[in-house]
Amino acid sequence: MDTESSLPDALLRQLIAVGQVDVLVGLPTLNNAATIESVVRAVHVSFTRDFPRLRTVMISSDGGSTDGTPDLIREARFTEADRVQTSHPLRTLHRVLSPYHGLPGKHTALRTIFAAAELTQAKVVVVIDPAGPSTTPERVTELIAPIARGDVEFLAPRYRRHPRDGLLITQLVRPLVRALYAIGLDEPLGAEFGCSGRFASHCSERDIWLLESARFAIDLWLRTEATAQRFSIGQIWRPATTAAGSRTTLRDVVHQVVLALIESLRAHESYWRNANAISELHTWGTDPAVIPDVTPWDYQALADQARRDIVEIRPLLEDVLDPGLFVGVIDNVNGTAPRLDDELWVRTVYGVATAIQHGRAAIDHMADMFVPLYMWRAAAFMSETQLEPPLAVQARLDALCDTFQEAPRDVPRMPPGPATSLAALRAARTTMRGKHRV
């Protein structure tokens, strides 16, 4: 990637004025007025107190905030307690808009941050969640230090959650990535991370930024790219985050995550097909230890919606799934209570992947069909674990990871079949529009 041509002229001039830096902290902001001042203050204190001999810069790559976020960053004031004598002032850059598809988003913010890191020859790049209400100077420093010491080249967050929370991670993304990429990555998705300047430069040269899928695949892709390209990877304990107030439907989130998984697996097929023993990762930071309360779910309503959706798309599923797998899923859905055991769920996930591989339906439509299957599994897991203590539920999660790992990666190959009817898929998709929220 031509770094200079990818940056707006105004930003380019500011970066040239900054010169070379050791540490670059990026904030991919979008309407973060409620939290941004405390985050900026935490970065400022970390720089001045813990890294006084390093050249530092903070960049806000803004996606078009309308709540005054850039002004709050520009006008941030620090108390006397925050002012530590240093010869390296905090620098801030504001309002960087995506030049791609006219759509601002985290992927364009990250591309700008990585390009800025390459131009300034930053040795350490850290991305902080600007919505993080619990960001402190200590937590900023924790992200910077292992990279600055050269202990690791990619540092991913690790969260302490109740084992019945974060089901999309625990039931699908974590065990699938762990099994295929052979890496004990606890959180394949996450808003914050740290990396070396070498990794940032490597990513800047990839073509992921030009793909439409980058809008939702970028967090997962960064982690799997680091794994596939054999950069050293570690984890760090971070405070658990929530999606409070999110208006994104569960259906849309599952759809996007499935597409993200497909994009990553496609990009790294030569790696994961040959990966073997799982590599466990060193974890920095302090384990919060205390298990948070579980977020309540109306799993019966979720099961009812999933059953209706699966019945609606039954002819389509029969076209794309192996016959034995299809019968097993339908038998479970016809039961009185939501049930889908680990073995059948893992076969379902790999079966959908095989159907995609053989082009039995367009990828986007396969992702649509997978959504109610996930909803049924999530409802079944919640139903079966509702009375179990956290340790017992965690044991179930560990067993699920083992089942993903032990299952054959290639479901028996099916001969190519006729493409699923696009009109039928569109009709089914319309009927499946539910109201479930993340």
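## A tour of the sheet and its helices

Select strand E3 (residues 124-127) and strand E5 (residues 193-196): the two run antiparallel and are joined by 4 bridges.

The model is predicted, so local features need pLDDT of at least 70 and side-chain atom pairs count only at pLDDT 80 or more, while totals for chains, interfaces and linings use all residues. Residues are numbered from 1 along each chain as its sequence is written, and side-chain values use heavy atoms, without hydrogens and water.

Next, show the whole sheet. It is open and mixed, with 7 strands in the order E2-E1-E3-E5-E4-E6-E7; two strands pair if DSSP finds at least two bridges between them. Strand E2 (56-62) and strand E7 (283-284) are the edges, each pairing on one side only.

Angles run from 0 to 180 degrees between N-to-C directions, and axes are lines fitted to C-alpha atoms, for helices over the stretch in contact.

Finally, select helix H6 (residues 167-181) and helix H9 (residues 250-267), whose axes lie 12 Å apart at an angle of about 5°. The contact includes Leu-172 and Leu-176 of H6 and Val-257 and Leu-261 of H9.

Key. Contact means heavy atoms within 4.5 Å.
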